[in-house]
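Visitor: I am new to this structure. Could you show it and take my questions one by one?

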Amino acid sequence: MDLNELIDRIGYIRSKANLSARKLSLAIGKNAGYIHMLETNRNFAPTFETLAAILEVCWVEWDAFFYYSIPAYQQDKELIEKLKKLSLEKKEAILKLI
């Protein structure tokens with residue numbers, strides 16, 4: 001994942017959490033313009049600790065954030081849990097169908 005994608009994902013989860021850049025900045029203990037500067041200037045990456053704080057405030061799991069598609073994560077996770085419970089025969093039938 002490159003820096004631009006990382007920042008796009010931060011913007012996406014911030015928006016989904018219904019937080020302004022200012023509110024998120026303050027919630028993670030940064031100055032009021034931190035997230036706005038991160039999202040617009042794109043010339044620096046947040047530290048691991050800052051990213052962890054962002055994910056916590058936005059209620060996003062690490063694996064969801066780094067999944068190929070954040071919107072698809074929950075649905076795929078639910079599908080995998082259901083598939084785990086199927087018999088081998090049913091799994092084979094689904095594979096053939098696909």
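Visitor: In which helix is the place of Glu39?
Guide: Helices here are DSSP runs of H or I with at least four residues, and strands are runs of E with at least two, numbered from the N terminus. By that rule, Glu39 has its place in helix H3.

Visitor: What kind of model is this, and how are residues numbered?
Guide: This is a predicted model, where local features need pLDDT of at least 70, side-chain atom pairs count only at pLDDT 80 or more, and totals for chains, interfaces and linings use all residues. Side-chain values use heavy atoms, with hydrogens and water left out, and residues are numbered from 1 along each chain as its sequence is written.

Visitor: Is Glu39 buried or exposed?
Guide: Buried means under 20% relative accessible area, exposed means over 50%, and partly exposed lies in between (1.4 Å probe, protein chains only). Glu39 has a relative accessible area of 15%, so Glu39 is buried.

Visitor: Which residue forms a salt bridge with Glu39?
Guide: A salt bridge needs a side-chain nitrogen of Lys or Arg within 4 Å of a carboxyl oxygen of Asp or Glu. Here the closest N and O atoms are 2.9 Å apart. The pair links distant parts of the chain, helix H3 and helix H1, 25 residues apart. The partner of Glu39 is Arg14.

Visitor: Why do the buried residues of H3 line one face of the helix?
Guide: Tyr34, Ile35, Leu38 and Glu39 are buried in H3. Take the directions from the helix axis to the C-beta atoms: they define the arc. The buried residues line one face because they fall within an arc of 125°.

Visitor: Which helices do the buried residues of H3 pack against?
Guide: Contact means heavy atoms within 4.5 Å. Leaving aside neighbours within four places in sequence, Glu39 is in contact with Ile7, Ile10, Gly11 and Arg14. As a group, the buried residues of H3 pack against H1, H2 and H4.

Visitor: Which residue forms a salt bridge with Asp8?
Guide: The closest N and O atoms of this pair are 2.5 Å apart. Asp8 is in helix H1, and its partner is in the loop between H3 and H4, 34 residues apart.

Visitor: How many residues has the largest nonpolar core?
Guide: A nonpolar core is a set of buried Ala, Val, Leu, Ile, Met, Phe, Trp, Tyr and Cys residues joined through side-chain atoms within 4.5 Å. Those with the most contacts inside the largest core include Ile10, Ile13 and Phe65. Helices H1, H2, H3, H4, H5 and H6 each supply at least two of its residues. The core has 20 residues.

Visitor: Are the rings of Phe48 and Trp62 stacked or edge-to-face?
Guide: Rings of Phe, Tyr and Trp (its six-membered ring) pair if their centres lie within 6.5 Å; planes under 30 degrees apart count as stacked, over 60 as edge-to-face and the rest as tilted. The count comes to 6 aromatic pairs. Phe48 and Trp62 have ring centres 5.1 Å apart and planes at 15°, so the pair is stacked.

Visitor: Which ring does the charged end of Lys30 sit over?
Guide: A charge sits over a ring if NZ of Lys or CZ of Arg is within 6 Å of the ring centre and within 35 degrees of the ring normal. The charged end of Lys30 is 5.2 Å from the centre of the ring of Tyr34.
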